[in-house]
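Hi,

Here is the structure I said I would pass on. Have a look first, and my notes on it follow below.

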Amino acid sequence: MLRHSFHPLVLTIIGLAILGIGYELIRSPGAFFTQILVTIGIVAVLIFVMRRFILPRLMRSRGPFVQQQVRAQSNSTNAMKTSNRPVQFHKKKEKKKAISRPLIKRQSNVKLTVIEGKKNKKKNRALF
């Protein structure tokens with residue numbers, strides 16, 4: 001049994017999709033397989049374009065840290081494939097501690113004044 005049940009609308013859509021696929025297979029199997037192959041081709045072209053052109057630009061904009069992680073992962077998988085020795089990772093360089101400055105409370109030049117009015121009157125929330 002399934003752990004959770006699906007919404008009736010989802011089940012209806014899935015059922016209609018299966019019914020439509022079966023009808024297309026019976027009515028014109030050649031056109032159905034042609035449509036499936038064209039769909040697979042379009043998806044393959046989109047994946048190629050994404051991996052070749054769009055993802056490298058996104059990786060460049062994210063900074064060198066992500067690129068270093070990707071290189072380290074690819075190097076570790078290549079090293080594991082070529083040898084059975086454990087992979088040694090480079091130790092990260094320690095960053096110098098920033099000089100801590102004492103916290104200085106800044107004073108504002110803005111003069112705030114209190115506007116007097118009826119403070120005890122409750123607002124009618126229905127008007128908002």
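To be clear about the salt-bridge rule: I counted a pair when a side-chain nitrogen of Lys or Arg lies within 4 Å of a carboxyl oxygen of Asp or Glu. By that rule the count comes to 1 salt bridge. Keep in mind throughout that this is a predicted model.

The pair in question is Glu-24 and Arg-27, whose side chains meet at 3.0 Å, N to O. Both residues sit in helix 1 (residues 8-27), 3 residues apart, which is about one turn of the helix. As for cover, Glu-24 has a relative accessible area of 23%, so it goes down as partly exposed. Arg-27 comes out at 53% and is therefore exposed, the cut-off being over 50%.

Now the overall layout. Of the 128 residues in the chain, buried ones make up 3%. The chain exposes about 14300 Å², and 62% of that is supplied by carbon and sulfur atoms.

How far does the confidence go? The mean pLDDT of the chain is 77, with 60% of the residues reaching 70 or more. Among the elements, helix 1 has the highest mean pLDDT, at 94, while helix 3 (residues 64-82) has the lowest, at 64.

On to the aromatics: searching the whole structure turned up 1 aromatic pair. Phe-32 and Phe-33 form it, edge-to-face, with 5.6 Å centre to centre and 65° between the planes. Phe-33, at 48%, counts as partly exposed.

Last, the surface. There is a nonpolar patch of about 690 Å², made by Val-45, Phe-48, Val-49, Met-50, Phe-53, Ile-54, Leu-55 and Leu-58. One of these residues, Met-50, has its place in helix 2 (residues 29-62). With 38% relative accessibility, Met-50 counts as partly exposed.

Cheers

Definitions and conventions:
Residues are numbered from 1 along each chain as its sequence is written. This is a predicted model: local features need pLDDT of at least 70, side-chain atom pairs count only at pLDDT 80 or more; totals for chains, interfaces and linings use all residues. Side-chain values use heavy atoms; hydrogens and water are left out. Rings of Phe, Tyr and Trp (its six-membered ring) pair if their centres lie within 6.5 Å; planes under 30 degrees apart count as stacked, over 60 as edge-to-face and the rest as tilted. Buried means under 20% relative accessible area, exposed over 50%, partly exposed in between (1.4 Å probe, protein chains only). Patches are made of residues with over 30% relative accessible area and no salt bridge: like charges are joined within 9 Å, nonpolar side chains (Val, Leu, Ile, Met, Phe, Trp, Tyr) within 5 Å. Accessible areas come from the Shrake-Rupley method with a 1.4 Å probe; for residues, only the protein chains shown count as cover. Helices (H or I, at least four residues) and strands (E, at least two) are DSSP runs, numbered from the N terminus. pLDDT is the predictor's confidence in each residue, from 0 to 100.
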